[in-house]
Amino acid sequence: MDQQRVDGLQQQLKNARPQDILIAALTECTHIALAFSGAEDVILIDMLKKTKRPFRVFTLDTGRLHPETYRFLDRVRAHFSITIECCFPQPEAVEQLVQNKGFFSFYQDNHHECCGLRKVEPLKRKLRTLDGWITGQRKDQSPGTRTGIPIVQSDSILANEGHPLLKFNPLAEWSSAQVWDYIRAFELPYNSLHERGYVSIGCEPCTRPILPGQHEREGRWWWEEATKKECGLHHINVVSEDETHQ
Ligand code: SF4
């Protein structure tokens, strides 16, 4: 990726509204899609819809999501009348893992092998078809891995394949309170698990509710160190801490 192009975009979008960042993303890239999973992404879908331009949304179905999350996905699909492209893991790879290590190997081994098969490989397969992607990442989501998230960056996840990719994070500067103010103001759908103390929601075995005062990422992979709590989807967030967690 031409670093000058990225620097130029960063400069141009430094103080831009998320809506304007989305328009820039749709303009800049030919094949771009929003990675959808949670509350922030519903806001981005709402904003994309309001641009009145065509846009694409995809999601990763790991096979281990909560029933509430599947219902939420369908509510979002119906609410916005959109197609959500579902990316599934390779069945043979999951069969092999479960056969060798059972359904809960991540509690002993850490989550990287399972996330690698169920999330990272399907994500890479999707990203090979794109020249840009949009995420709902925010700086204040993680104490260790997300504080440096820029509005736009060159994503190196496929660099070893020579595949350039732009990544846009239009809500990087938003707080959790802003997210929920927007959802309430526009009566957008949200995952019903949020009403039961869940904040950051991933797969069912690796997500739990948090208590008041706990950081939102404390509900994810709680048996592991805070600075390693990325599943590999946003691999450039953790490169500086541990080159092996990709
Ligand atoms: S979050 Fe847990 S269940 Fe989901 S892919 Fe990662 S390790 Fe597997």
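Glu-187 lies in the segment that follows α8 (176-185). In this predicted model, the phi angle of Glu-187 is near 50°, a positive value in a residue other than glycine. Most residues other than glycine have a negative phi. Trp-221 is likewise found in the segment after α8, and its phi, near 40°, is also positive in a residue that is not glycine.

| Residue | Other C-beta atoms within 10 Å | Class |
|---|---|---|
| Glu-187 | 8 | exposed |
| Trp-221 | 25 | buried |

Glu-187 is classed as exposed because 8 other C-beta atoms lie within 10 Å, and the limit for that class is 12 or fewer. Trp-221 counts as buried because 25 other C-beta atoms lie within 10 Å, where 20 or more are required.

**Helix α7 and the ligand**

Around the ligand there are 13 residues, of which His-111, Cys-114, Cys-115, Cys-203 and Cys-206 come nearest. By type, the shell consists of 7 nonpolar, 3 polar and 3 charged residues. The element that gives the most to this shell is helix α7 (residues 112-127), with 4 residues.

Helix α7 is not straight: a kink of about 35° lies at Val-120, shortly before the proline Pro-122. Between its end C-alpha atoms α7 spans only 19 Å, whereas a straight helix of 16 residues would span 22 Å at 1.5 Å a residue.

Which residues of α7 are buried? They are Cys-114, Cys-115, Arg-118, Lys-119, Pro-122, Leu-123 and Leu-127.

**The chain as a whole**

The protein chain contains 8 helices and 6 strands, arranged along the sequence in the pattern α-α-β-α-β-α-β-α-α-α-β-β-β-α. Of its 246 residues, 35% count as buried. Among contacts between residues at least 6 apart in sequence, 69% join residues at least 24 apart.

The mean pLDDT of the protein chain is 90, and 89% of its residues reach 70 or more. Over residues 239-246, however, the pLDDT is below 50, and this stretch has 9 contacts in the model beyond near neighbours in sequence. Where pLDDT is low, the predicted coordinates should not be read in detail.

Technical notes
Residues numbered from 1 in each chain as written. Predicted model: local features only at pLDDT ≥ 70, side-chain atom pairs only at ≥ 80, totals over all residues. pLDDT = per-residue confidence, 0-100. Contact = placed C-beta atoms within 7 Å. Near = placed C-beta within 6 Å. Helix = DSSP H or I, 4+ residues; strand = E, 2+ residues; numbered from the N terminus. Nonpolar A, V, L, I, M, F, W, Y, C, P; charged D, E, K, R; others polar. Expected span 1.5 Å × (residues − 1). Bend = angle between axes of the 7 residues up to and from the residue.
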